[in-house]
Amino acid sequence: MEQHIHQALLEAAPQLFGCTITEEHIQFQQTRKDVEGDLTLVVFPFVKLLRCSPQEAGEKIKTWIEAHITGVSHCVAINGFLNIVFTNDYWLKQLNQIQQTPMYGFAEPASKPTVMVEYASPNTNKPLHLGHLRNIFLGASVAEILKAVGHKVVRTQVINDRGIHICKSMLAWEKFSPVNDKGERETPVNTGLKGDKLVGKYYVEFDKALQKEAKEIIANWLSGNFSDTPEAIKDAVLNFQKAKDGKDEKAQAAIDDKIKELAKNQTAILQEAKDMLVRWEARDPQVYLLWTTMNGWVYEGFDATYSQMGVSFDKLYYESDTFLLGKDQVMEGLKRGVFYQKSDGSVWIDLSADGLDEKLVLRSDGTAVYMTQDIGTAIDRFKDFPDLHGMVYTVGNEQDYHFKVLFLILQKLGYAWAKNCFHLSYGMVDLPSGKMKSREGTVVDADDLMEEVIDKAKTMTQERGHLEGLSNLEREQLYTQIGLGGLKYYLLKVDPKKRMLFNPEESIDLTGNTGPFLQYTHARICTLLEKANYASETLIETAPLQAEEKEIIKQLALFESTLNEAAKVYSPALLANYTYELVKLYNTFYQSVKIVIEPNHEVRQLRLALSASVKQVLAQSLNLLGVEAPTRM
RNA sequence: GGUCUCGUAGUUCAACGGAUAGAAUAAGCGUUUCCUAAACGUUUGAUCCAGGUUCGAUUCCUGGCGAGACCA
């Protein structure tokens, strides 16, 4: 309808205004709730054109629309806005249409190009935490949304499975794991620990041992004992010590940190880890076996977590396979003059013309940096999937600069698809106590959190739910649906770009703007329709329509444009807010009228059709958010 | 030091440059002979500061103040 009026106005402009108008003149918006109208045309843009008051301009357009647009009942011009009211017939037709379209609002599957969505880039020595949950729920939801608007989607994750940090947990396990009476060190099987948790534990063990040794070294240094310390380090330490004189507390602490860094580098245990990395890179069989074994434990653990989260992937990338990629492309780009080489042999790109800095893409010793790897990986993916059109990287906003540079480099290397790469940047999740810090033990573990929300859902559901007739298994599933639904909705309803606060208390609330609130409404409609034995049939188009009923149809009609907008800006939050609005309207309606027990057949049929349509759209959008829609609760 | 992001009720979040800045929560009051009260209705409360652009600014620009991130 909006399109229709838009087009009609463009065509009629010469006759109506005496001149042609452009797209920009025609601005539609949703009518405010407290005034009459179904669609609002902003009149201000026409005022200059017509050289008259906003009120006069409004009246003029009003007369024209009322006379020429079918489906419009009448218009009201106030304060520079023209509120257009559609006929009841129009809205009933809309409802009929929604009801008869099974995947209403969705585009034809695979009608748009393939897009790869990357989310979750876990590190194999740290169990998943709250930050990962936001990342993964966000990426998974965006993937679903892109599918819904017609894209083919490849969901992927990159696993950070190599490097010095992996060697740390491997080494700590070899050194510190107790041996049981069967002569085995700790494994997930003999400890009952989840694989990722076990490995994470040894990563922490390594750090403890490192700190301890560093402390001893510093103590030696402070007492003037510099045996075993290289001269250069000794000088550096002494210089730092001198620099502390006369500085304030904060500056002194910063210097102490630098000394600590030096001490850590002198520890035997870190040296051992570095040696192990060298052996790993040389494919030492013993180290390789340990690496594959421990990574295997971690993957089992991650799989369990993903399964609980209800997410999956189509393709996995391992850094151990891709960390050597990109060097060739850099050398190639160097030949073509995209990059330049400094006298020490390192390779750089100068992006100052684009408002950015100079950026290192290959070290002087020929080793790769993250950027090198990401260049290579991106190119590699387009080789893996020849019909790939674009990529979405779901990565935290601390990498904003990195991705800006990456996309620019890919563009300069001549890859046309670079413009279809998007960094889905999301804000950090803070806790009421501040930032999550692993060192201070304030990290919220993903498994623990999910267990907690499911537990809470269980308690609450047992208290007030309608569980009769459900098997134990069905009940457990329901608790999971509610708990996780609440958690997902809580994390997704906020604009992804924004930093958000996670309050453990609120995430499992059941009232207000929450997942369970939406689920509850869905469940209630399900039983309602069941009781009514509802079968959809074409509605009579002249039935009376109450204000509450019309509001719901209006909101239903907005689903498609909301979905498209959510896909365009990669924001599940838009969909979440839309759905919440729909549910609120429906609940108001539900409380104020009779539905199943309505005696008038025509009215009853209309209200049931309305309920069925709300249920359908509600279930669809919950699904897009990764939230399940229980049929009772 | 340079670059980027963000500042909205007590709190957590909304608002293509548009009308009287919306919700939720917390607190009070009210609604079950009737379809699930995890619901509904109702009362109280906010745009960091100073300029500028505009018919109109929470939104855009400049300068402060405050929070965070990245780069050396």
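Colleague: How many residues surround RNA strand B, and which are the closest?

Modeller: There are 48 residues around RNA strand B, and the closest are Phe81, His466, Tyr520, Lys531 and Val593. Of the atoms of RNA strand B that come within 4 Å of the protein, sugar and phosphate account for 60%. A residue is near a strand if one of its heavy atoms lies within 4 Å of it. This is a predicted model, in which local features need pLDDT of at least 70, side-chain atom pairs count only at pLDDT 80 or more, and totals for chains, interfaces and linings use all residues. Side-chain values use heavy atoms, with hydrogens and water left out; residues are numbered from 1 along each chain as its sequence is written, while chains are lettered from A and ligands numbered from 1 in the order in which they are written.

Colleague: What makes the pair formed by Thr40 and RNA strand B a polar contact?

Modeller: A polar contact is a pair of N or O atoms within 3.5 Å; within protein, one must be able to donate a hydrogen and the other to accept it, and residues adjacent in sequence count only if both atoms are side-chain atoms. A polar side-chain atom of Thr40 lies 3.1 Å from a base nitrogen of RNA strand B, and that distance is within 3.5 Å. Tyr580 has a polar side-chain atom 3.0 Å from a sugar or linking oxygen of RNA strand B.

Colleague: Which helix or strand gives the most to the surface near RNA strand B?

Modeller: That is α20, with seven residues. The elements that each supply at least two residues are β2 (39-42), β4 (81-86), α17 (446-464), β14 (500-501), α20 (515-532) and α23 (572-592). Helices (H or I, at least four residues) and strands (E, at least two) are DSSP runs, numbered from the N terminus. By that count, chain A has 24 helices and 14 strands.

Colleague: How do the residues of the surface near RNA strand B divide by class?

Modeller: There are 21 nonpolar, 13 polar and 14 charged residues. Ala, Val, Leu, Ile, Met, Phe, Trp, Tyr, Cys and Pro count as nonpolar, Asp, Glu, Lys and Arg as charged, and the others, Gly among them, as polar.

Colleague: Why is Gln99 called buried?

Modeller: Buried means under 20% relative accessible area, exposed over 50%, and partly exposed in between (1.4 Å probe, protein chains only). Gln99 has 12% relative accessibility, so it counts as buried. Gln99 is part of helix α4 (residues 88-100). Apart from neighbours within four places in sequence, Gln99 is in contact (heavy atoms within 4.5 Å) with Tyr534, Ser536, Glu537, Leu539, Ala609 and Ser613.

Colleague: How much of chain A is buried?

Modeller: Buried residues are 50% of its 633 residues.

Colleague: Where does Ala120 lie, and is Ala120 buried or exposed?

Modeller: Ala120 is in the loop between β5 (112-118) and α5 (130-148). Its relative accessibility is 1%, so Ala120 counts as buried.

Colleague: Is Asp228 buried or exposed?

Modeller: Asp228 has a relative accessible area of 79%, so it is exposed. Asp228 sits in the loop between α8 (195-222) and α9 (231-243).

Colleague: Why does Val298 count as buried?

Modeller: Its relative accessible area is 0%, so Val298 is buried. Val298 belongs to helix α12 (residues 285-309). Neighbours within four places aside, Val298 is in contact with Thr124, Gly195, Asp196 and Val199.

Colleague: Is Leu424 buried or exposed?

Modeller: Leu424 has 4% relative accessibility, so it counts as buried. Leu424 is in strand β12 (residues 421-426). Its contacts beyond four places in sequence include Leu138, Val142 and Tyr570.
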